[in-house]
Amino acid sequence: MEPSIACRLLLPGQTAIVTGGGSGIGASIAQGLGAAGAKVVVNYSRTNAGAEEVVQSILDQGGQALAFKADVSREEEVQALFGTAIREFGTVDILVSNAGIQKDAPFLEMLLDDWQQVLNINLTGSFLCAREAAREFLRRGVVPERSRAAGKIIFMSSVHEVIPWSRHVNYAASKGGIMLFMKSLAQELAPYKIRVNSIAPGAIRTRINRAAWETPEAEANLLKLIPYGRVGDPVDIANAAVWLASDESDYIHGTTLFVDGGMTLYPAFAEGG
Ligand code: BGC
């Protein structure tokens with residue numbers, strides 16, 4: 001059976017911003033939120049083709065969506081992103097802070113620029129977007145017809161918020177940073193009815209990790225790390241995100257939902273130790 005997006009209308013009338021929504025996991029999440037009834041702002045940072053396609057597919061299903069270019073590591077661009085969402089769709093109810101990059105290198109060869117770019121997009125970008133979202137959630141407060149929460153923030157973390165990753169120290173540091181950023185923010189914003197959580201994907205078949213699955217040999221190696229025996233699909237993450245953004249998960253706050261086919265179960269220990 002083909003994987004599909006959960007189809008119950010969980011988010012009617014809500015507005016969502018998905019950063020990095022033009023490709024991979026972000027594109028699937030944007031489509032999932034749109035299918036769940038949300039109006040979606042699909043953020044992209046370089047080429048608009050992917051984002052426009054996502055927008056079109058939401059419009060084709062009778063939804064509302066628009067694409068907006070912004071580099072999440074730049075304060076003014078993030079403010080313009082939120083300003084546009086609020087102007088066009090009235091407010092923002094959901095932020096999925098998904099934009100992320102890898103710049104892999106052995107540690108001794110890692111350039112300061114590799115380190116900074118990854119931290120800037122993955123961690124500082126999450127800070128800037130979450131701050132704008134929280135400001136809007138607080139300004140507006142709870143609208144009970146739409147949601148029990150004043151707003152929902154979902155960070156895209158990774159299994160590498162807990163699994164160390166040699167030759168990817170910048171990426172692992174950014175995701176470890178997201179973990180305590182998310183929890184600290186959840187602690188701070190709970191009194192305002194703002195829900196804050198993360199999703200930690202394992203190996204999901206997208207452009208970012210193409211080398212890890214594109215040949216049969218690479219895929220066989222990757223599968224040794226995944227007890228459940230398949231590489232993930234973006235829709236696996238989209239379904240989790242729709243649910244985590246909805247009131248179905250209203251009591252879930254300050255936690256990371258691992259969607260990883262068991263990658264965090266230390267599969268090497270199945271036969272060892
Ligand atoms: C990374 C992927 C990697 C996966 C599992 C993700 O966060 O972006 O490149 O395949 O973690 O290691």
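Before the first stop, a rule for spotting ring pairs: rings of Phe, Tyr and Trp (its six-membered ring) pair if their centres lie within 6.5 Å, and planes over 60 degrees apart count as edge-to-face. Keep in mind that you're looking at a predicted model. By that rule, the count comes to 3 aromatic pairs.

Select Trp-165 and Tyr-171 to see one of them: the ring centres are 5.7 Å apart and the planes sit at 70 degrees, so this pair is edge-to-face. Buried or exposed, what is Tyr-171? Tyr-171 is buried, at 10% relative accessible area, while Trp-165 counts as partly exposed at 27%.

Now jump to Tyr-266 and Phe-269. Their rings have centres 6.5 Å apart and planes at 85 degrees, so here again the label is edge-to-face. Tyr-266 is exposed, with 56% relative accessibility, and Phe-269 is exposed with a relative accessible area of 56%.

Next, the helices. Pick out α1 (residues 24-35) and α2 (residues 49-60), which pack at an angle of about 20 degrees with axes 10 Å apart. That angle makes α1 roughly parallel to α2. The crossing of α1 past α2 is right-handed.

Ala-35 counts as partly exposed, at 27% relative accessibility. Draw a line from Ala-35 to Lys-224: the two are 189 residues apart in sequence and 34 Å apart in space, C-alpha to C-alpha.

Definitions and conventions. Residues are numbered from 1 along each chain as its sequence is written. This is a predicted model: local features need pLDDT of at least 70, side-chain atom pairs count only at pLDDT 80 or more; totals for chains, interfaces and linings use all residues. Side-chain values use heavy atoms; hydrogens and water are left out. Axes are lines fitted to C-alpha atoms, for helices over the stretch in contact, and angles run from 0 to 180 degrees between N-to-C directions. Helices (H or I, at least four residues) and strands (E, at least two) are DSSP runs, numbered from the N terminus. Angles under 35 degrees count as roughly parallel, over 145 as roughly antiparallel, 65 to 115 as roughly perpendicular and the rest as oblique. A crossing is left-handed if the near helix is turned anticlockwise from the far one by less than a right angle, and right-handed if clockwise. Buried means under 20% relative accessible area, exposed over 50%, partly exposed in between (1.4 Å probe, protein chains only). Rings of Phe, Tyr and Trp (its six-membered ring) pair if their centres lie within 6.5 Å; planes under 30 degrees apart count as stacked, over 60 as edge-to-face and the rest as tilted.
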